[in-house]
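The entries follow the order in which I opened each site.

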Amino acid sequence: MKYIFVTGGVVSSLGKGLTAASLGTLLEARSLRVVLQKFDPYLNVDPGTMNPFQHGEVYVLNDGAETDLDLGHYERFTNCVLTRHNNLTSGQVYETVILKERRGDYLGKTVQVIPHVTDVIKDRIRKLSDETKYDVVITEIGGTTGDIEGLPFLEAIRQFILEVGPENVVNMHVTLVPYIKAAHELKTKPTQQSVAKLREIGLQPQVLICRSEQPLDRDVRRKLSMFCSVAEKAVIEERDVEHTIYEVPLTLHAEGLDQLVCDLLHVETPQPDLNDWQKFVDCVVSPSKRVKIAVVGKYMDVRDAYKSIYESLTHAAASEDCGIDLKLIDAESLAHGVDDQLKDVAGVLVPGGFGVRGAEGKINATRYAREHRIPFLGLCLGMQVATIEFARNVCGIKNANSTEFDKETPDPVISLLEEQRGVRNKGASMRLGTWPTKIAPGTLAKKIYGDTEVTERHRHRYEFNMKYRDGMNAKGFVISGTSPDGTLAELIELRDHPYFVGCQYHPEFQSKPNKPHPLFRGFIAAAVAYQTGGEKPRSTIKQPPVGVSDEELVLQR
Ligand code: GLN
């Protein structure tokens with residue numbers, strides 16, 4: 001088993017996760033079986049409770065783990081399917097150690113950072129080291145070298161290298177080489193200092209990944225090599241990409257990173273096959289057409305808050321030879337009307353979210369998309385909002401609402417299951433992770449997916465209230481997918497609309513380059529059709545959905 005550790009220096013936000021994921025892409029293209037994991041030094045047990053303003057999106061795995069968004073990069077850039085074991089936080093480490101201490105597992109010893117905390121960290125690396133499944137484990141350590149919180153992780157890595165042998169390990173340090181305009185010079189000092197900090201802890205990087213705005217010339221490379229004790233060919237330039245993050249594996253390959261890492265790990269592999277990846281990048285970089293898509297949400301200034309959604313749009317657009325102009329609209333600005341804000345868009349997407357803020361604006365945007373027959377995709381909360389909108393404005397249920405927004409609403413079209421069942425104690429916890437959906441025949445959803453059973457990732461509490469199903473169906477609101485027992489609505493669509501789809505789950509967590517998610521692909525295809533004047537959904541969706549009989553709706557009781 002081979003190990004790669006990725007640390008970061010100088011500043012945060014250098015794209016360490018992306019770099020680690022891109023190395024994963026390259027090693028997989030060389031036929032190696034790769035798995036990635038992230039160590040997060042903060043004390044939260046998981047990012048599930050963290051504010052998207054601070055921490056970006058919470059990325060949900062198949063097993064329901066709420067994880068750091070870098071795991072999204074890992075799954076998009078490689079074939080690995082991750083579980084909760086692939087994201088370790090200091091919170092989890094200390095929780096484990098303290099539980100063990102309380103159980104008496106330490107047999108009266110003094111419990112210390114070394115060895116007890118570092119042992120838990122090393123165990124996690126070993127747990128992933130299943131030779132039957134993987135050849136290489138790539139571990140990214142969150143934060144920046146020099147952070148107090150990161151020290152136990154770095155110490156654990158130092159010990160781990162001693163145990164598995166340095167010939168099986170590569171330490172890769174992602175650092176910033178800033179360009180100082182006044183001096184017209186790239187500066188190596190911050191990197192030197194960051195590497196010095198690593199060495200203090202006993203870690204010597206073999207590879208430097210230098211994030212910079214300018215090309216690194218020979219002198220800079222030599223200097224970095226000499227001061228940081230890294231071979232000159234292991235000083236890798238990673239300049240800001242011009243168009244898309246999906247260029248990163250290609251630029252790192254051009255710098256020789258994958259060959260270098262294989263040499264350092266003493267593994268022989270074929271040259272990487274990057275043809276499909278290159279083709280995908282070409283589609284992203286120079287599409288033959290463009291569509292404007294509005295995303296109406298809450299965190300529009302924080303690009304990371306809806307990361308997987310933006311990536312999924314990119315994947316879908318590339319597959320339709322199309323570029324995307326995103327129009328990011330703060331839902332609160334639509335609270336009193338949409339005005340002209342959606343006049344020029346070919347698609348409206350309402351993402352997931354929690355809480356009432358922005359809800360009325362999202363409802364207004366949804367209404368506009370429905371009435372103007374603009375393709376609409378509602379994800380999780382987006383589906384719930386679409387339900388409320390239809391109930392209010394088409395079915396005349398004026399006070400329809402979600403109990404998340406109004407506890408006392410007389411018409412809870414969206415509510416907690418406990419509330420629907422009349423249970424008083426409403427401590428509903430989140431429905432998390434992968435659940436199956438049965439898709440009703442004859443629906444648009446069936447045409448989009450081409451399948452009658454799919455599994456998708458969830459993260460929500462509230463559900464469609466089946467009490468309203470028949471009344472809303474009579475007006476054209478179709479529940480096109482449900483849980484296998486038919487009790488939970490998973491997918492909705494409108495009978496009289498070219499592409500109006502909402503899902504109770506998060507398809508954005510399962511989209512990849514060259515493997516766009518069907519709901520996003522259908523959405524973009526419909527947006528292209530809308531823009532070119534025809535309303536027809538894309539070619540594989542031959543007909544708008546026809547009426548669905550009740551037997552089909554009630555899939556299995
Ligand atoms: N707040 C909603 C719920 O809990 C939707 C959650 C989401 O969009 N992820 O059901």
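The model is a predicted one, and I began with Phe-160, which I found in helix α6, residues 151-164. Is Phe-160 buried or exposed? Its relative accessible area is 0%, so I noted Phe-160 as buried, the cut-off for that class being under 20%. Leaving aside residues up to four places away in sequence, I listed its contacts as Tyr-3, Phe-5, Lys-122, Ile-125 and Arg-126. For Tyr-3 I also looked up the spacing: 157 residues along the chain lie between the two positions, yet the C-alpha atoms of Phe-160 and Tyr-3 are separated by 9.9 Å.

I then took the helix as a whole. α6 has 14 residues and spans 20 Å from its first C-alpha to its last, close to the 20 Å expected at 1.5 Å a residue. I wrote down its buried residues as Pro-152, Phe-153, Leu-154, Glu-155, Ala-156, Ile-157, Gln-159, Phe-160 and Ile-161. After the helix comes Gly-165, for which I read a positive phi near 95°.

Asp-68 sits in the loop between β4 (66-67) and α3 (70-77). Since its relative accessibility is 4%, I counted Asp-68 as buried. What does the side chain of Asp-68 meet in polar contact? I found a contact of 3.2 Å to the side chain of Lys-38, and I noted that a polar atom of the Asp-68 side chain also lies 2.8 Å from the backbone nitrogen of Asp-70. With residues up to four places away in sequence left out, Asp-68 touches Lys-38, Asp-40, Tyr-42, Pro-47, His-55, Tyr-59 and Asn-87.

I checked the peptide bond from Ile-114 to Pro-115 and recorded it as cis, with omega near 15°; Pro-115 belongs to helix α5, residues 113-128. I next looked up Ser-229, which is not a glycine but has a positive phi of about 60°, and which I placed in the loop between α8 (218-228) and β11 (235-239). With a relative accessible area of 48%, Ser-229 is partly exposed. Asp-339, again a residue other than glycine, has a positive phi near 50° and lies in the loop between β13 (322-330) and β14.

α13, residues 359-371, has 13 residues and reaches 18 Å between its first and last C-alpha atoms, close to the 18 Å expected at 1.5 Å a residue. Its buried residues are Ala-359, Gly-361, Lys-362, Ile-363, Ala-365, Thr-366, Tyr-368, Ala-369 and Arg-370. Which elements cover them? The cover includes the strands β12 (289-297), β14 (347-350), β15 (376-379), β22 (489-494) and β23 (500-503), together with α14. Just after α13, I read a positive phi of about 55° at Arg-373.

Entry 5, the ligand. Around the ligand I listed Gly-352, Gly-353, Phe-354, Cys-380, Leu-381, Gln-384, Glu-404, Arg-459, His-460, Arg-461, Tyr-462 and His-506. By class, this shell has 4 nonpolar, 5 polar and 3 charged residues. I looked at the polar atoms in turn: a ligand oxygen is 3.0 Å from a polar backbone atom of Leu-381, a ligand oxygen is 2.8 Å from a polar backbone atom of Tyr-462, and a ligand nitrogen lies 3.1 Å from a polar side-chain atom of His-506. Taken alone, the ligand exposes 300 Å², of which the protein buries 99%. The elements giving two or more residues to the shell are α14 (381-393) and β19 (453-460).

I found Asp-485 in the loop between β21 (477-482) and β22, and at 37% relative accessibility I counted Asp-485 as partly exposed. The side chain of Asp-485 makes a polar contact of 2.7 Å with the side chain of Ser-483, and I noted a polar contact of 2.7 Å with the side chain of Thr-487 as well. Finally, I looked up Thr-437, which is 48 residues from Asp-485 in sequence and 9.5 Å from it in space, C-alpha to C-alpha.

Definitions and conventions
Residues are numbered from 1 along each chain as its sequence is written. This is a predicted model: local features need pLDDT of at least 70, side-chain atom pairs count only at pLDDT 80 or more; totals for chains, interfaces and linings use all residues. Side-chain values use heavy atoms; hydrogens and water are left out. A residue is near a molecule or strand if one of its heavy atoms lies within 4 Å of it. A polar contact is a pair of N or O atoms within 3.5 Å; within protein, one must be able to donate a hydrogen and the other to accept it, and residues adjacent in sequence count only if both atoms are side-chain atoms. Accessible areas come from the Shrake-Rupley method with a 1.4 Å probe; for residues, only the protein chains shown count as cover. Helices (H or I, at least four residues) and strands (E, at least two) are DSSP runs, numbered from the N terminus. Ala, Val, Leu, Ile, Met, Phe, Trp, Tyr, Cys and Pro count as nonpolar, Asp, Glu, Lys and Arg as charged, and the others, Gly among them, as polar. The expected span of a helix is 1.5 Å times one less than its number of residues. Buried means under 20% relative accessible area, exposed over 50%, partly exposed in between (1.4 Å probe, protein chains only). Contact means heavy atoms within 4.5 Å.
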